[in-house]
Amino acid sequence: MDYYYQPPDFNYENRRQYDESFRRNMFYQNKALEQRKQIKKLGNIVGILITVFLLCQLFLVSAVMGLGLYDLYNSSLLFQNTFNTLAIEVAALIIPFGIMAYANRKKYESDLIPSERLPFVRLCAWVGFGMICCLGADYAVSFLMTVLSIFGYQLVQVDMAEPESLFACIESIVSTALIPAICEEFAMRCCTLGLLKKYGKAFGVVAVSIVFGLLHGNVLQFVFATLVGLILGYITIKTNSIVPAVFVHAFNNGISVFADLFGYLFGDKAQEVSTYVLFVLWFAVGIISIIYLLLKGQFKRPMKKPPEPYANSTWKKICSFFFVPGMIIPFIFLISFTFTTIEKI
């Protein structure tokens, strides 16, 4: 006699559907788990690269001090800019991130350098939109500094040397505005974002923005760079082109550089006036750009496919990327270096 109990409504068709549902759920759960593993691996790799970037700077600055060139570094803008370009932008940033991109070249789902051609007017509009957002980020940091001052503290920033010649001013424009825009956008919005966006565009933009902030070494610059990184990543994703982000990055860095140029040529008052004029100009251009992009429907979100069962949320992906051993050292460096820049007013 068979004592195995079967429900009255049991049949093999129900059993087959149950097995299929079980296998399908297991498939999606394993897929989500595997995705988190891949993201954690990339988090460790990128974290190591950030650490290499920061340690390279410490090593090279120590070398400058050891060679007795530190006074020259502090006094000569030309030497300072040349050193920062070769040592930081090329040796510490482009080479490590370029190696990462080459080693993972088969994992990119699109071109390493997004280069979709944009109509000139639309390109200008995206640049204007990016610049007004950068102005907003600048005011956000100013607000943070005001809050700190209320509690009696301030964050000390490294002072750049004064330009000693017209050539030094021009070289400063190239090394402070142009070269960092190209190098940092290649490392961040091409090499890193191109690798991460396959796991979700929102995740990729946010993760790379935080990485961009970590590269800047202290909380004040971290906040500003992260906010600007969000803008640059968003523009790159929306346009599928790195060109607008490079222009925004260059123009944003160039505001202070052009002010220094005017200061050298016409005096301190001209420097203050030029900074104010540039802010007003970019604000006006930004408003016009936002109106144009709205009228052209450029901010519309594309239709999304329904999420898969057990799909990882953006927050879970971000946690998987940053809560890994490789990311611990950069965050420790950020916190410890920030403490060295805080002083009582």
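**Exercise 1.** Describe how helix α4 (residues 120-150) and helix α8 (residues 243-266) pack, giving the angle and the distance between their axes.

*Solution.* In this predicted model, local features need pLDDT of at least 70 and side-chain atom pairs count only at pLDDT 80 or more, whereas totals for chains, interfaces and linings use all residues. Residues are numbered from 1 along each chain as its sequence is written, and side-chain values use heavy atoms, with hydrogens and water left out.

Step 1: the two helices, being DSSP runs of H or I with at least four residues, numbered from the N terminus, pack at about 45 degrees with their axes 9 Å apart; the axes are lines fitted to C-alpha atoms over the stretch in contact, and angles run from 0 to 180 degrees between N-to-C directions.

Step 2: that angle makes α4 oblique to α8, since angles under 35 degrees count as roughly parallel, over 145 as roughly antiparallel, 65 to 115 as roughly perpendicular and the rest as oblique.

Step 3: with contact meaning heavy atoms within 4.5 Å, residues of α4 including W126 and M131 meet residues of α8 including F247 and I255.

**Exercise 2.** Compare the span that the 24 residues of α8 should have with the distance between its end C-alpha atoms, and locate its bend.

*Solution.* Step 1: the expected span is 1.5 Å times one less than the number of residues, so α8 should span 34 Å, and its end C-alpha atoms, 33 Å apart, agree with this.

Step 2: α8 bends by about 40 degrees at G254, the bend being the angle between axes fitted to the seven residues ending there and the seven starting there.

Step 3: after α8 comes G267, whose phi is positive, near 105 degrees.
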